[in-house]
Amino acid sequence: MMKVCVIGTGYVGLTTGTVLAEFGHDVYCVDKDQHKIQLLIRGHIPIYEPGLEEMVKQNKQLGKLHFSNNLQEALQICSVIFITVGTPPLADGRPNLTYLKRVIEEISSNLTSHKTIIIKSTVPPGTNEWVATSLLEKGIEPTLFDVVSNPEFLREGSAVWDMLHPDKIVIGIKRPEPIKTMQALYRNVNASFIITSLTGAEMIKYASNAFLATKISFMNEMSRICDAYNVDIKEVALGLGTDPRIGPLFLNAGLGYGGSCFPKDLQALEQAALQKNITPEILLAVQKVNDTQIDFYFAKLNEALTSLKNKKITVWGLAFKPETDDTRYSRALHFIEKLVGAGAEVHAYDPIVQLDTSPPICHTMIYESIENSDALIVATEWDEFKKIDWKKVKDLMKGSIVVDGRNFLDPQLLKRYHLNYVGVARP
Ligand code: UGA
C-alpha cells in the first residue's frame with residue numbers, strides 16, 4: 001500500500017485517485033477549488049461519470065480516499081504525487097501550463113523527502129523535461145525526486161472502466177529507479193508497461209489522440225464521397241473494419257469529434273510541430289475536415305426545409321458524446337449556433353445536460369421538445385434515443401425530417417412511421 005497524493009480533481013484526477021484507492025492505496029486528492037472539495041467530502045461528484053460516485057463513496061467509507069484543499073499537508077504524508085491539473089487551450093492553441101507551473105512551484109518548496117512526481121496531465125513534448133530541469137535549477141537535490149510521465153488514456157463516460165482495464169501503462173522516465181514504484185502503484189492491473197523517455201511518453205499520448213481523430217476525419221471525408229456516389233458509409237466502415245490492419249473501432253462517420261481532448265490535443269501537437277518548423281500536413285487536414293463536417297448536414301437540412309428561417313428545429317443530445325455531461329467543443333452546440341444564425345428557433349433535449357443560456361430552449365421532457373418541430377437532429381447516440389417511440393415522434397412533430405448526426409438510427413424503421421431520414425452517405 002502506498003500513500004498517494006493526486007493534485008487536481010477533474011475527471012482524470014478524480015478517476016485516477018479513486019481507482020488507486022480501489023487498488024488499496026491510501027489516496028489524498030487535493031484541489032484548490034473549495035466548493036468542489038466540499039462536495040467530494042460529502043460524497044458527491046461534480047461530474048457525470050458512470051460508476052465513479054459509488055466508488056468514491058465506498059473508498060471514502062473505507063478510509064482510503066481523502067479530499068482536501070491542503071496541498072502542503074498531503075505532500076508531507078505522501079511519497080508519490082500525481083499531477084492531474086487542467087491544461088486548457090490558450091487562444092493560439094498551445095495548452096495553458098499555468099496550473100502545472102504553480103503546482104511545481106508549491107511542490108519544490110515542500111520537498112523534504114524523496115517524491116516520485118508523476119505527470120498525468122496532457123502536456124506538450126518537452127514539458128516533463130522542463131519540470132525536471134526547473135526543480136534542479138531551484139536547487140533541489142537530484143536524489144530527492146524523480147519525474148515520471150504517465151499519460152492517461154481514459155475516455156469520458158467510461159473512465160473508471162478504462163482505468164481498471166488499460167491496454168497499456170505508458171511510463172516516461174529519466175532513470176530506471178521509479179519503475180518499481182510504478183509497478184507497485186499499478187500492481188492490480190493486467191497490462192504491459194511501455195517504458196520510454198519523458199518526451200516519448202508525451203508523444204505517445206498526442207500521437208494516440210491524433211491518430212484516433214485522423215480515423216474519424218478520414219471516415220468523414222469518405223462519407224462525403226460516398227454520399228455523392230449513393231453509397232452507405234456504414235457498409236464501407238464494416239468492410240474496412242474487418243481488415244485487422246485497420247480495425248473496426250473509431251470508423252463512425254457523423255458530425256465529427258468534439259470534447260476537451262481531441263480538438264485541444266490536435267491544436268497543441270500542431271503548435272509543437274510548428275515550433276520546430278515542421279508543417280503538420282495531416283493534422284491540419286484532420287482539423288479542417290472536422291471543422292467543416294457539420295456544413296454537409298446543415299446543407300442537407302437547409303435543402304430539405306427550403307429555408308431554416310423561423311423553422312422550429314429540435315436537437316437531441318448536447319454533450320459531446322453519450323454518457324457524459326461535458327459540452328466542451330460539442331458538435332451539437334456548434335450545429336445549434338449555425339441554426340440560430342440561419343434564423344431557426346432551436347429547442348433541445350439532453351438526458352443530463354441542461355444549459356443555463358438560451359438559445360437553445362432546453363426541455364426536460366424528450367417528447368415535449370419535439371412538439372410542432374419542423375425537423376429533429378439527433379446529435380449524440382444516447383441509449384435513450386435508441387429506444388424512442390418513433391410513432392409518437394411523428395405524431396408530435398409538425399414536419400417529418402430526422403437528421404441522424406451519428407449514423408446510429410435505422411432508416412427503415414423511421415420510414416415505417418413516415419419520417420424522412422436524412423444523413424450523409426446513408427442512401
Ligand atoms: C479521448 C480518447 O479516446 C481517450 O483515449 C483519451 O484518454 C482522452 O481523449 C483524453 O485525451 O483524455 P474522449 O475525448 O473522452 O477520449 O472521447 P472519445 O470517446 O474518444 O470521443 C471523442 C469524440 O469523437 C466524440 O465527439 C465522439 O462522438 C467522436 N467519435 C468517436 C466519432 O465521431 N467517431 C468515432 O468513430 C468515435
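Student: What should I know about the model before reading any values?
Tutor: It is a predicted model, in which local features need pLDDT of at least 70, side-chain atom pairs count only at pLDDT 80 or more, and totals for chains, interfaces and linings use all residues. Residues are numbered from 1 along each chain as its sequence is written, and side-chain values use heavy atoms, with hydrogens and water left out.

Student: How many residues surround the ligand, and which are the closest?
Tutor: The ligand is surrounded by 21 residues, the closest being Glu152, Glu156, Lys205, Asn209 and Lys321. A residue is near a molecule if one of its heavy atoms lies within 4 Å of it.

Student: How do those residues divide by type?
Tutor: The shell holds 10 nonpolar, four polar and seven charged residues. Ala, Val, Leu, Ile, Met, Phe, Trp, Tyr, Cys and Pro count as nonpolar, Asp, Glu, Lys and Arg as charged, and the others, Gly among them, as polar.

Student: Which residues place N or O atoms by oxygen atoms of the ligand?
Tutor: Asn209 has a side-chain N or O atom 2.7 Å from a ligand oxygen. For Phe320, a backbone N or O atom lies 3.1 Å from an oxygen of the ligand. Arg406 has a polar side-chain atom 3.2 Å from a ligand oxygen.

Student: How much of the ligand does the protein bury?
Tutor: Taken alone, the ligand exposes 720 Å², and the protein buries 92% of that. Accessible areas come from the Shrake-Rupley method with a 1.4 Å probe.

Student: Which element gives the largest share of the shell?
Tutor: H9 does, with three residues. The elements giving two or more residues are helix H9 (198–228) and helix H11 (262–275). Helices (H or I, at least four residues) and strands (E, at least two) are DSSP runs, numbered from the N terminus.

Student: Back to Glu152: where is it, and is it buried or exposed?
Tutor: Glu152 lies in the loop between strand S6 (145–149) and helix H7 (159–164). Glu152 counts as buried because its relative accessible area is 6%; buried means under 20%, exposed over 50%, and partly exposed in between (1.4 Å probe, protein chains only).

Student: How far apart are Glu152 and Val170?
Tutor: They are 18 residues apart in sequence and 8.3 Å apart in space, C-alpha to C-alpha.

Student: A new topic: where is Ser134, and is it buried or exposed?
Tutor: Ser134 is in helix H6 (residues 127–137). Ser134 is buried, because its relative accessible area is 7%. A polar atom of the Ser134 side chain lies 3.2 Å from the backbone oxygen of Val131.

Terms used
A polar contact is a pair of N or O atoms within 3.5 Å; within protein, one must be able to donate a hydrogen and the other to accept it, and residues adjacent in sequence count only if both atoms are side-chain atoms.
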